[in-house]
Amino acid sequence: MTEHHLAQVNIGRIVAPLDSPELADFVAQQPEINALADRSPGFVWRMVDDGGADATGLRPDGNDALLLINCSVWESVEALRNFTYHSDHLRVLSRRREWFRRMAEAHQAMWWIPAGHRPTVAEAMERVALLREHGPGPEAFTFRDPYPAPAPAPAVRL
């Protein structure tokens, strides 16, 4: 078993409220894409709101009702990359400009966590802030500039 897993967060500002006609296709595809993630090789966990189906009820910024968050945990960068770019998720990703406004600042980040840890909304937003402030590094990075998982702790000899 690996000692670390990859956490990822992406945030986006939707073009209209979730119950609007502009977001109907996005909302309709959520169950299918979440189920695809859940059964993808290397998937570990995804953040959900109190409804338990997805995270669309969470608001990472109390001052911005249109800002959504998606956070999940994967076994590796490769597993996340395969889901993101080599599955039916790509079909939905390719339509993101229909549903989300372009963000000028970094809106996604990845970082390594101890296996079993589940990131909070605050922790995930902190990683986006780190990437915005300092650029990619071991604490927050992107697919373009990935960092390896921390080295395993040395075995303790008794």
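Tutor: Of the 158 residues of the protein, 41% count as buried. Buried means under 20% relative accessible area, exposed means over 50%, and partly exposed lies in between, with a 1.4 Å probe and protein chains only. This is a predicted model: local features need pLDDT of at least 70, side-chain atom pairs count only at pLDDT 80 or more, and totals for chains, interfaces and linings use all residues. Residues are numbered from 1 along each chain as its sequence is written, and side-chain values use heavy atoms, with hydrogens and water left out.

The protein has five helices and four strands. Their order along the sequence is β-α-β-β-α-α-α-β-α. Helices (H or I, at least four residues) and strands (E, at least two) are DSSP runs, numbered from the N terminus. A compact globule of 158 residues would have a radius of gyration near 15 Å; the protein has 16 Å, which agrees. That radius is taken over C-alpha atoms, and the globule rule is 2.2 Å times the number of residues to the power 0.38. Along the principal axes, the C-alpha atoms fill a box of roughly 65 × 35 × 30 Å. Contact means heavy atoms within 4.5 Å. Among contacts between residues at least 6 apart in sequence, 73% join residues at least 24 apart.

Now helix 1. It covers residues 24-38, which is 15 residues. At 1.5 Å a residue it should span 21 Å, and its end C-alpha atoms are 22 Å apart, which agrees. The expected span is 1.5 Å times one less than the number of residues. Helix 1 also has a kink of about 40° at Gln 30, shortly before the proline Pro 31. The bend at a residue is the angle between axes fitted to the seven residues ending there and the seven starting there.

Gln 30 is also one of the buried residues of helix 1. The buried residues pack against strand 2 (43-46), strand 3 (67-74), helix 2 (77-85), helix 3 (89-93) and helix 4 (96-99).

Take the helix 3 side. His 89 lies in helix 3. His 89 is buried, with a relative accessible area of 16%. Leaving aside neighbours within four places in sequence, His 89 is in contact with Ile 33, Leu 36, Phe 83 and Thr 84.

Phe 26 lies in helix 1 and has a relative accessible area of 9%, so it is buried. Not counting residues up to four places away in sequence, Phe 26 touches Leu 18, Leu 68, Trp 99 and Phe 100.

Then the rings. The structure holds seven aromatic pairs. Rings of Phe, Tyr and Trp (its six-membered ring) pair if their centres lie within 6.5 Å; planes under 30 degrees apart count as stacked, over 60 as edge-to-face and the rest as tilted. Phe 26 and Trp 99 form a tilted pair, 5.5 Å centre to centre with 45° between the planes. Phe 26 lies in helix 1 and Trp 99 in helix 4, so the pair ties together parts that are 73 residues apart in sequence. Both Phe 26 and Trp 99 are buried. Ring pairs link Phe 26, Trp 99 and Phe 100 into a cluster.
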